Amino acid sequence: IPIFQFKEEHLPGSGIYFDVIDILFSAHSKYQRIEVFQTTSYGKVLLVDGKVMLTERDEFVYHEMLTHVPLNLSDKIKEVLIIGGGDGGSARECLKHKNIKHIKQVEIDEMVVEVSKKFFPSLSSGFNDPRFELCICDGINFVKQTSDKFDLVLVDSTDPIGPAVGLFEADFFENIKRILNPEGILVFQLESPWCHLEFISEVSKKVKNIFPIFKNYVAFIPTYPAGLWSFGFASFTIDPIKELPSDISISDLKYYTTEIHKASFALPRFFKNYV
Ligand code: AG3
């Protein structure tokens, strides 16, 4: 029997709801409010500041599309940097690629990592992999200060509020450009074209000024605002819709195919005309 309905507003006066049968965790970290609810239809849901970060039932769409789109474009990706993504879902997907030697994850909020280890073992499994390294620190400072170089940088952030605002700013993208190898790729989550079109357009313009190649791509994620979600892809040389291997050798995928990869760069007219 549900104890209450959790609602997240997506546009003024409309949104999504979940019947909650148990509150598994609820606390304030140094940065944000973290909650885990057991729901009737989407399994466990992780909330940050009252916004759905992931659900057990549909997290595979987001995590596969953030990671396998860039990873399937090159077998030379060995060093990966993940900024945010404290739940571990992105790292789990990266670890499926055998050519990856090392993943450095920079997450500002230790509580997200602890909560994922406790409540989302299917996401946090990669934390024990010898190729995985975690740093609890601020991603914005990290990219400013590090002299390490990466083949792929993934920004797996929350919405642009609180500590995540700087993850959508030009300075941050400039620093990522500096720490990427010449064949490097940057992919970041970029909100909902249905709900945040203006914001997406602003950020896309910034990144286009910094990287020679920039493309937006989309995926259907039922529990994110309006269900239509976008990602930003930036690189120096790599074209994201170049000829791909006819299919990916990794077997445990539920969303990504090379056809989906190509199709995800086809944008609806209302979006395409704006970015
Ligand atoms: N990061 C993007 C979630 C944004 C959802 N926004 C919202 N519900 N208003 C997800 C992190 C998963 N690793």
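A disulfide is taken here as a pair of cysteine sulfur atoms within 2.5 Å. The model is a predicted one. Cys135 and Cys137 meet that cut-off, with their sulfur atoms 2.4 Å apart, and form a disulfide. The count by this rule is one disulfide. The link of Cys135 and Cys137 is right-handed, with 125° about the S-S bond. Cys137 is partly exposed, at 22% relative accessibility.

Cys94 is buried, with a relative accessible area of 0%. Cys195 also counts as buried, because its relative accessibility of 18% is under the 20% cut-off.

**Around the ligand**

The ligand has 14 residues around it, of which Glu8, His63, Asp87, Ser157 and Asp159 come nearest.

| Residue | Polar atom in | Distance to a ligand nitrogen atom |
|---|---|---|
| Asp87 | side chain | 2.6 Å |
| Ser157 | backbone | 2.7 Å |

On its own, the ligand has 400 Å² of accessible area, and the protein covers 98% of this. The largest cavity is the space that the ligand takes up.

Which element supplies the largest share of the shell around the ligand? That is β5, with three residues. Both β5 (51–55) and α1 (59–71) supply at least two residues of the shell.

Definitions and conventions. Residues numbered from 1 in each chain as written. Predicted model: local features only at pLDDT ≥ 70, side-chain atom pairs only at ≥ 80, totals over all residues. Heavy atoms only, no water. Buried < 20%, exposed > 50% of the residue type's maximum accessible area, 1.4 Å probe, protein only. Near = heavy atom within 4 Å. Polar contact = N/O pair within 3.5 Å; in protein donor to acceptor, adjacent residues only side chain to side chain. Areas by Shrake-Rupley, 256 points an atom, 1.4 Å probe, with all protein chains shown as cover. 1 Å grid on protein atoms, 1.4 Å probe; cavity = no way out; pocket = protein on both sides within 12 Å on 5 of 7 lines; lining within 4 Å. Sits in = over half its atoms within 2 Å of the grid points. Helix = DSSP H or I, 4+ residues; strand = E, 2+ residues; numbered from the N terminus.
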